[in-house]
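Welcome, and thanks for taking a look at this one with us. Below is a short tour, arranged by topic, to read with the structure open beside you.

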Amino acid sequence: MTFSAPILNYTILSPILIILAGALIGVIIEAFVSKAFRPLVQLILTVGTLLLALVQVFRIRGTESVTAAMGSVIFDGPGFLLQTAILIISIISVFLIADNENFTALAAAIPGSVEEQESIQQGNKVTEVYPLTLFAVAGMLLFPISSDLITLFVALEMLSLPLYLMAGLSRRRRLLSQEAALKYFLLGAFSSAFFLFGAAYLYGYSGDITFAGIRDSVVGGSGNDIFLLIGIAFVSIGLLFKVGAVPFHAWSPDVYQGAPTAVTAFMAAATKVAAFGAMLRIFYTVFANAQWSWTPLLSGIAIITMLFGSFVAIAQRDVKRMLAYSSIAHAGFLLAGVIALNKAGLSASIFYLFAYGIATVGAFAVVTLVRDSSGEVTDLNRWAGLGKRSPWVATVFAFFLLAFAGIPLTSGFIGKFSIFSAAYESGAKGVVIAGVLSSAIAAFFYIRVIVLMFFTDSHEDATTVVIPSVLTRITVIFSFVITVALGVYPAPLIDFINKFATFIR
Amino acid sequence: MNISLTLLMALPLLGAAVLAALPKTNALLAKQIAFGSTILVALTTIAIAVSFERDNINLQFVESHQWIPSFGINYAVGLDGISLVLILMTTLLAPIVVLAGWNESQSGRWSTKTFYILILILEMMAIGVFAATDVFLFYVFFEAMLVPVYFLIGGYGTGERSAAAVKFLLYSLFGGLLMLASIIGLYVLSGSQGGHTFDTQALSQLQMSSTTQNLLFLGFFIAFAIKAPLWPFHTWLPDAADSATPGTSVLLLGVLDKVGTFGMIRYCLTLFPDATKTFTPTIIVLSVISIVYGAFLAIGQKDIKRLIAFTSISHFGFITMGIFAMTSQGHSGATLYMFNHGFSTAALFLVAGWMISRRGSSTIADFGGLQRVTPVLAWAFFFAGMSSLALPGLSSFVSEFLVLVGTYTRYPVAAIIATFGIVLAALYILIPVQRALHGPTTAGNENLSDLTLREKVAITPVVVIILFLGFYPSPLLKVINPAATHVISQLGFSDPAPTQLGGK
């Protein structure tokens, strides 16, 4: 038996390799650089790595390859767009992570213990979060360009495991944060198991683990359809879990609330791009010819997700939980793009993912600024009167909410319009009508927050808005500018996306 | 510089930008800049109106630039007689509102400067919504203009202002989203018939099945019926008008609500001619209900602002009836009605606002005998009331008469019932006039002051316009008629000959 070395196309894999190298250097820094310099060195390293990867992704745009890594990675226009989106979102999320107010001093210490006190007094900082972020980013970059089930699974785990850890690193309310991490991990493990189960059935159906092989079987229609259906169903469950679609959403409000806000921002925005990227690729290429068997079900899930997310969000009293339910509703809107199954749907989904991701990071960045003496305040009632005390912060947050609600002249409106029109074009009128109705419901709770901030007088235990650090300020301003620009003049980005948004098989 | 619609929209925005750069403390300067900007906008509109060719039925002052080419979306504006009249109304009302409500912004949550920035942005969007000839652009203005109004009501109103603001916003958003679904439907249809477009002209050529057409029509119509507001979609209006400042109410009822009736003409009728025919009887019935219901509820109101709001529901019933009567008189009447209603409502709200701010109460029963204490104010209120009940010789009489004549030739029963609305109008106006102005001066009213010079200056143009158009409406009708006839003939209707009178 001979062993032939795999042929790798390093150019195409380079963004992922750069990130991984940065992550490994980060681990080494943890071991060798003194505590005082670590935060700064790690921050520079992480941002530098992400920027380098972004430049590299941009340099390889337009190249297409199905054989980059022995047929297990496929690089094409959508892959380029999604990787770009993930990297941009990651960079502005890292700026938030850099605000060390968010993180515990020593993750291993029991909450409330002497050990914890000591480490706080010593001014320790969990700089491990930087390499963890990079590992997660590497997984996210791989996820939407995987072209076989094994690579897809590896990427899924690679992006998930660091996130499970990061969710438990909150500085305040540590028990809540640890509970969130555990919940996320357990449910994530379940969904991974479902995913593997489905992958096994797809292998049984087609005798192949590559997307191309499975696709050929679907097109040929030679295999046992039961296996295919079970396979599609369970692989979808794994993916729907990651995007937080109903009924696989139960983790997201708890995790959004418990995790440090910077991590929530990163997770909410970047994971969604990666997971929807993979989902679009699988449904648009592999399962496209079995459309009849999954569109009805996925349409049903999309409708339930939109309506459920919007309705339940109304009852929320915590800003992070509210944003969690709002992101569930948005997952439903994005599923409309998956169902559309046409070129317009692909472009619209990518636009929506980018626009929504940026606005999400911006909104969470504002959440990190609203504090009292014991840390961030996420209780909505205590946001009352924020508009009086800090008009600019409140205005920016209100603007992000209007973008989520899809009011014209924000990026959210263009996203919603393009995704719904793509779905309508493919005949999914029920999904569009449900989407429009749930947008109306969703408007209610976004506006309620605006009412609280601007039209309600503040309580005695008022919150203060801290002066944002330079990095947080960059994140907020960048997100705000992008959200406005994409609302007022989205044509350049839409044309750019249209130019690249074609899957190769 | 050439006069263009874009310039007209840029002017208020420029004013808002200047205001934004001002320090918060100088409230007087903010007011002066706001007033100056609105005057400038009004003069520019008049210049546009003068160079408008009345007999040309094509769109004029057309501008078109690509906005989002991959969706076929253009920044496209243009004027026909109907939109010109409404833009004229908007820009004439704006300076009057600024001058009349000089001190309105004082009870607000935020600074005076913010108040006027919101007003100017609203003015710009109102011009845009009437001028847009691209459905997508129209929708953007239609929805975006909710935001400044929302903050104007919630930030500067009185009473339950934030609840009223939210109610207003949610109703409008709901309607807007239904319209969005219809717009998406049109967009997809246009894509399957020769390329994506939002051009109103091109969309009106689309072929569609009658079911599709009916559904898309309803999406638009419900949005406009909420805006207008037509019974049974009206419930947000009394609360909003009650809580808003008088000036905001004028803009809300006088300008913003006209977008609903304007949209019916511009979009419901031209884009969906067959569906329009299907739904016309239903809509006529709803209009008649609005006329009578609004009038009855107005009679029963104790609060003066709510009373005016309900009278408006009745008036909007007349406008909708005129539009859907599908006769050229009805159409011309409805458009003229929109213009006149803007000024008569402005008169009512502004004068009522002065009464309320002097007395500190908006309950009609708290007033009494104002005729003796504040004669000019009382005469102003009386005049505004007469204009609202369409006294012959005042402008609203002409439009109401035209609407009724236009409706009678096609729907005699509806016209006859609607005529009762005029009788009821006499009641809902004369009762508050009697209670508030005549009789003995009630306690608490003895020391009220009469109108100041500023207030007199503000109300004079309104009075002049109402009187002038009451006796000589033809300058406006000459602009409106060609456009109205054009719309009717596009729909394939011709005016039925009056059956009983024989000849005109």
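Let's begin in chain B, where B:Met326 sits in the loop that links α13 (304-324) to α14 (328-359). The model is a predicted one, and in it B:Met326 has a positive phi, near 60°, although the residue is not glycine. B:Met326 counts as buried because 26 other C-beta atoms lie within 10 Å, over the cut-off of 20 or more.

**Backbone points worth a look**

- A:Leu341 belongs to the loop between α13 (319-340) and α14 (343-369) of chain A.
- Is A:Leu341 buried or exposed? A:Leu341 is buried, with 23 other C-beta atoms within 10 Å.
- Two cis peptide bonds can be found in chain B: one runs from B:Ala228 to B:Pro229, with omega near -15°, and one from B:Trp231 to B:Pro232, with omega near 5°.
- B:Pro229 is placed in the loop between α9 (210-227) and α10 (236-243) of chain B, and B:Pro232 is also found in the loop between α9 and α10.

- Helix α12 of chain B covers residues 273-299, which makes 27 residues.
- From first C-alpha to last, α12(B) reaches 37 Å, close to the 39 Å expected at 1.5 Å a residue.
- Where does α12(B) bend? The bend, of about 50°, is at B:Phe279, and the proline B:Pro281 follows within four residues.

- Three strands of chain A form an open sheet in the order β2-β1-β3, and their pairing is antiparallel.
- At the edges are β2 (375-376) and β3 (464-465) of chain A, each of which pairs on one side only.
- Strand β1 (residues 370-372) of chain A runs antiparallel to β3(A), and two bridges join them.
- Opposite A:Val370 stands A:Val465 of β3(A).

**Around A:Ile237**

- A:Ile237 is part of helix α9 (residues 225-243) of chain A.
- Leaving out residues up to four places away in sequence, A:Ile237 touches A:Ser191, A:Phe194 and A:Phe248.
- A:Pro247 is 10 residues along the chain from A:Ile237, and 9.4 Å separates their C-alpha atoms.

**Where the chains meet**

- The contact draws 26 residues from chain B and 24 residues from chain A.
- On the side of chain B that touches chain A, at least two residues each come from β1 (60-68), α5 (135-144), α6 (146-156) and α7 (161-192) of chain B.
- Which element gives the largest share of that side? The answer is α7(B), with 15 residues.
- By type, the residues on this side of chain B are 19 nonpolar, six polar and one charged.

**Confidence**

- For the model, ipTM is 0.86 and pTM is 0.90.
- Chain B has an average pLDDT of 85, and 98% of the residues score at least 70.
- Among the elements of chain B, α5(B) has the highest mean pLDDT, 90, while helix α15 (residues 370-373) has the lowest, 78.

Conventions. Residues numbered from 1 in each chain as written. Chains lettered and ligands numbered in written order. Predicted model: local features only at pLDDT ≥ 70, side-chain atom pairs only at ≥ 80, totals over all residues. Expected span 1.5 Å × (residues − 1). Bend = angle between axes of the 7 residues up to and from the residue. Pairing = 2+ DSSP bridges. Buried ≥ 20, exposed ≤ 12 C-beta atoms within 10 Å, placed from the backbone. Contact = placed C-beta atoms within 7 Å. Nonpolar A, V, L, I, M, F, W, Y, C, P; charged D, E, K, R; others polar. pLDDT = per-residue confidence, 0-100.
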